[in-house]
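Open the model in your viewer and keep the selection panel at hand. We will go step by step, picking one thing at a time.

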Amino acid sequence: MTWKLAKGDEAVAACERLVARAKADSGPDSAAYAARLNNLAIVVQAQGRFAEAEVLYLQALQIARATIGEGHPDYATRLNNLARLLVQQERAEEARPLLTQALSILQATLPAAHPHVASVQAQIAGLPKP
């Protein structure tokens, strides 16, 4: 992927181009567009632009809910990404239900030994106690 090879502000520009292309090719209500928004959010988050990343994650989740559904592993990945952002901002209690939902989806759709399942389990275990 182009955005994974780019650095700093170049990564944002590459992601923005991919978002624009997905919107033009597939439309603003497509799973492809949601995936590109999610990727842009990851890059924006890495730059410390948390509020902007949160908006992008929420938009990607909304589109994914309507296109692939809440039971899809990619939807769980988007929940997980938003939860990581919330944890990074010391908003663990907001992240907890997202991680719990992501884990439930992953356990229902992936083998028990899948690394994504273990990753989300570890994140939940690492949250501060309520």
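Start by selecting α5 (residues 73-88) and helix α6 (residues 92-109). Their axes come within 8 Å and cross at roughly 160°; axes here are lines fitted to C-alpha atoms, for helices over the stretch in contact, and angles run from 0 to 180 degrees between N-to-C directions. α5 and α6 are therefore roughly antiparallel to each other, a label for angles over 145 degrees. α5 passes α6 in a left-handed crossing, meaning that the near helix is turned anticlockwise from the far one by less than a right angle.

Now show the side chains on both helices. Contact means heavy atoms within 4.5 Å. On the α5 side, look for Pro73, Tyr75, Ala76, Leu79, Asn80, Leu82, Ala83, Leu86 and Val87. On α6, the partners include Ala92, Glu94, Leu98, Leu99, Ile105 and Thr109. Colour this contact by class and you will find 15 nonpolar, three polar and one charged residue. Ala, Val, Leu, Ile, Met, Phe, Trp, Tyr, Cys and Pro count as nonpolar, Asp, Glu, Lys and Arg as charged, and the others, Gly among them, as polar.

A word on what you are viewing: this is a predicted model, where local features need pLDDT of at least 70 and side-chain atom pairs count only at pLDDT 80 or more, while totals for chains, interfaces and linings use all residues. Residues are numbered from 1 along each chain as its sequence is written, and side-chain values use heavy atoms, with hydrogens and water left out.

Among the contact residues are Phe50, Tyr57 and Leu61 of α4, with Tyr75, Arg78 and Leu85 of α5. By class, this contact has twelve nonpolar, two polar and three charged residues.

Finally, zoom out to the whole chain. How many helices and strands are there? You can count seven helices and zero strands, where helices (H or I, at least four residues) and strands (E, at least two) are DSSP runs, numbered from the N terminus. The C-alpha atoms fill a box of roughly 40 × 30 × 25 Å along the principal axes.

Note on methods: Angles under 35 degrees count as roughly parallel, over 145 as roughly antiparallel, 65 to 115 as roughly perpendicular and the rest as oblique.
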